[in-house]
Amino acid sequence: MAKADFSSPNVLIYPALKTGKLEVIADAMAREVITDDNGKATGVSYVSKEDMLEYQVDGRVVILAASACETARLLLNSKSQRHPNGLANSSNVVGKYLQDSNGTAMGGYLPELFGRKRYNEDGVGGMHVYTPWWLDNKKLDFPRGYHIEYWGGFGQPAYGFGMGMQGINGKYAVNGKKKEAGGYGASLKEDQRYFYGANVGMAGRGEAVAFEHNKCEIDPNTVDKYGIPVLRFDVTQSDHEIKQAKHMKETFREMMHNMGAVITWGDDGTPENKYGLDKPGYIIHEAGTARMGDNAKTSALNKWSQAHDCNNLFCVDGSQFTSQADKNITWTILALSMRASEYIIDEMKKQNL
Amino acid sequence: MKRRESLKYIAASALASATLAAGCKPGEKKEEAAKEAFKPGVHRYEDELQELKALENMPKFFNEHEIATITILGDIIIPKDAVSGSASEAKVPDFIEFTVKDQPKFQVPMRGGLKWLDMFCLKKFNKSFKDCSEQQRIEVVDLIAYPERAKGKSELTQGVAFFSTIRDLTATGFYTSEMGVKDLGYAGNKPNQWNGVPDDVLKQYGMAYTPRELEVCLSFDA
Ligand SMILES: Cc1cc2nc3c(=O)[nH]c(=O)nc-3n(C[C@H](O)[C@H](O)[C@H](O)COP(=O)(O)OP(=O)(O)OC[C@H]3O[C@@H](n4cnc5c(N)ncnc54)[C@H](O)[C@@H]3O)c2cc1C
């Protein structure tokens with residue numbers, strides 16, 4: 001069987017279990033990182049979701065990979081005499097510089113593809129076609145760039161399929177016959193077959209500019225059902241993001257037009273709706289909440305994903321990003337994790353950890 | 001520290017939730033849970049299962065008369081033809097009953113729309129839609145199935161909106177059923193079985209793969 005797909009259980013966890021050196025503790029909700037009098041991490045305390053009792057697991061090194069916001073939450077909740085502002089947070093940057101990808105989208109259909117022959121098109125429909133950032137920012141009114149993801153074709157029908165037929169079946173001759181919009185019966189079934197697989201859409205995923213004031217922080221008044229203080233969020237998109245979304249929309253419109261496609265949704269960008277820019281958090285590429293850097297005063301981690309303030313603590317998820325570039329973030333998370341892992345092994349061998 | 005050695009293979013994957021779904025306490029019934037988890041089918045998380053169960057346990061939303069009307073309308077919208085069966089054969093009325101519970105925003109438009117239809121038929125034929133003859137039903141449907149035709153006719157616009165809603169629900173219920181998926185000719189959901197775009201299709205659009213693409217991108221282990 002080909003393993004062209006990636007999922008962490010399949011590709012990372014099962015092979016790691018097979019080494020016999022990994023033990024997984026399921027249904028454990030980490031509460032905080034425990035540190036000793038010298039400020040070193042000694043383990044993690046957690047509540048079991050099964051029996052609601054408190055446990056602790058000790059370790060020579062503690063690695064957080066709880067995703068960007070949850071890692072910030074763990075750090076901020078791990079207060080001690082040596083780390084009064086939360087762990088790895090003497091710089092006061094933990095939780096700050098929170099960012100998501102910029103996203104907006106547009107779609108429609110390609111009349112050229114009406115009534116076409118059926119075949120298996122799975123895996124072609126959600127294309128991450130490589131569209132690198134191709135423009136020169138000096139000539140643009142916004143910094144950074146974006147890539148474009150495309151989709152369309154004979155997808156598996158899901159809820160929503162076949163709806164809104166009256167919006168399309170009056171506009172195009174179906175198998176050579178002009179019809180009235182709407183309808184029912186055998187004629188409607190013919191229309192559904194005819195238009196199936198002709199849809200096309202595209203979405204931009206762009207780099208947002210990281211700002212210190214965009215942040216998550218511990219909510220002083222609220223805990224979750226385990227009694228762990230939760231986060232609250234304060235993120236505003238800047239003019240850079242809005243201008244980028246405007247540019248995305250213009251690009252999509254041009255591409256759809258040149259393809260000969262008819263736009264049915266998403267071409268509604270106005271200054272009032274920020275050109276369709278999705279709300280922060282909507283693209284689910286959170287990053288930046290424990291940024292890395294050489295300067296311990298302005299960053300939480302060094303270039304090895306290692307806390308400046310606590311050398312046996314590592315954060316290997318999106319929290320370490322200073323920016324997320326114009327690509328989706330997961331490959332970079334994986335690459336940085338691998339690099340940090342190699343560094344940890346190396347440092348352990350050298351007895352530095 | 002308490003070690004849960006035996007649970008380690010059920011961690012961090014679908015299996016963990018399958019165990020939860022089966023309601024197992026740690027240490028109990030692990031074997032069965034693991035077997036259960038490998039059954040093919042739809043995977044649901046614990047909260048999804050709870051939601052589904054809650055929906056199933058709700059009392060019926062539509063009464064008998066309403067469901068009978070939905071069934072007749074559904075089969076007018078999607079009748080049996082040479083390619084596939086009808087909406088009712090694909091259990092679309094059950095799907096609509098489920099959907100109005102799952103998405104309560106449909107409840108008033110559906111109940112009210114059905115009532116609108118009955119009132120319209122009562123005025124016109126002195127009978128509810130269900131009790132009308134086939135010919136009378138089609139006469140009414142023709143008035144509300146074509147938004148352009150009915151534009152500006154204030155006695156019909158609400159009926160048009162209702163018909164669009166039930167056409168949407170019927171179509172999406174039908175085309176997401178096994179019967180509807182086959183009707184459309186969806187050919188996917190076959191992992192690792194992709195040989196590229198068929199030759200005749202490529203020719204039709206004046207395209208071709210390069211030898212290198214054929215070699216590198218389009219080969220797979222059988
Ligand atoms: C719908 C969707 C589509 C996406 N598509 C793409 C895409 O196409 N390309 C791309 O690059 N990225 C994509 N992303 C983003 C990508 O999934 C994330 O960037 C990536 O999973 C982050 O990896 P991570 O290991 O940092 O965190 P996660 O994958 O979120 O893993 C964190 C783990 O930590 C666990 N955890 C959290 N808190 C605690 C705690 N207190 N105690 C114990 N365990 C805890 C969680 O249960 C989870 O298993 C997508 C995300 C979503 C939601």
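Me: What share of the contacts in chain B with a separation of 6 or more comes from residues 24 or more positions apart?
Reply: That share is 57%. Keep in mind that this is a predicted model. A contact here just needs heavy atoms within 4.5 Å.

Me: How much of chain B counts as buried, and what does its surface come to?
Reply: Of its 222 residues, 41% count as buried. The accessible surface of chain B is about 13,300 Å², with 54% of that belonging to carbon and sulfur atoms.

Me: Why is helix α5 of chain B called largely enclosed?
Reply: Count its residues: α5(B) covers 92-102, and eight of those eleven are buried, so the helix is largely enclosed by the rest of the structure. To be on that list, a residue has to stay under 20% relative accessible area. The ones that do are V92(B), P93(B), F95(B), I96(B), E97(B), T99(B), V100(B) and K101(B).

Me: Which helices cover the buried residues of α5(B)?
Reply: The cover includes α3 (46-57), α4 (64-77), α6 (107-125) and α9 (157-175), which belong to chain B as well.

Me: Why is I144(B) called buried?
Reply: The cut-off for buried is under 20% relative accessible area. I144(B) comes in at 1%, so it counts as buried. You'll find I144(B) in helix α7 (residues 134-144) of chain B.

Me: What does I144(B) touch, leaving out residues up to four places away in sequence?
Reply: Its partners are W116(B), L117(B), L156(B), G159(B), V160(B) and F163(B).

Me: On to chain A. What does its secondary structure come to, and what does its C-alpha trace span?
Reply: Chain A has five helices and 13 strands. Along the principal axes its C-alpha trace spans about 80 × 50 × 40 Å. Of the 353 residues of chain A, 47% count as buried. Among contacts in chain A with a separation of 6 or more, 67% are between residues 24 or more positions apart.

Me: How is chain A divided into domains?
Reply: Domain 1 takes 8-98 + 286-349, and domain 2 takes 107-200 + 241-276. Their C-alpha centres lie 41 Å apart. At the contact between them, four residues of domain 1 of chain A meet nine residues of domain 2 of chain A.

Me: What makes the phi of K274(A) worth a look?
Reply: Most residues other than glycine have a negative phi. K274(A) is not a glycine, yet its phi is positive, about 55 degrees. K274(A) sits in the loop between β11 (262-265) and β12 (306-307) of chain A. I284(A), in the loop between β11 and β12 too, has a positive phi of about 60 degrees and is not a glycine either.

Me: How do you know whether K274(A) and I284(A) are buried, partly exposed or exposed?
Reply: Exposed needs over 50% relative accessible area, buried is under 20%, and partly exposed is in between. With 33%, K274(A) is therefore partly exposed. I284(A) has 60%, so I284(A) counts as exposed.

Me: Now the ligand. Which residues come nearest?
Reply: A30(A), E70(A), D317(A), N328(A) and T330(A), out of 15 residues around the ligand. By class, that shell has eight nonpolar, five polar and two charged residues.

Me: How much of the ligand does the protein bury?
Reply: The protein buries 51% of the 990 Å² that the ligand exposes when taken alone. The elements giving two or more residues to the shell are β1 (28-35) and α5 (330-349) of chain A. β1(A) gives the most, with three residues.

Conventions. Residues are numbered from 1 along each chain as its sequence is written. Chains are lettered from A and ligands numbered from 1 in the order in which they are written. This is a predicted model: local features need pLDDT of at least 70, side-chain atom pairs count only at pLDDT 80 or more; totals for chains, interfaces and linings use all residues. Side-chain values use heavy atoms; hydrogens and water are left out. A residue is near a molecule or strand if one of its heavy atoms lies within 4 Å of it. Accessible areas come from the Shrake-Rupley method with a 1.4 Å probe; for residues, only the protein chains shown count as cover. Helices (H or I, at least four residues) and strands (E, at least two) are DSSP runs, numbered from the N terminus. Ala, Val, Leu, Ile, Met, Phe, Trp, Tyr, Cys and Pro count as nonpolar, Asp, Glu, Lys and Arg as charged, and the others, Gly among them, as polar. Buried means under 20% relative accessible area, exposed over 50%, partly exposed in between (1.4 Å probe, protein chains only). Domain bounds come from an automatic or database domain assignment.
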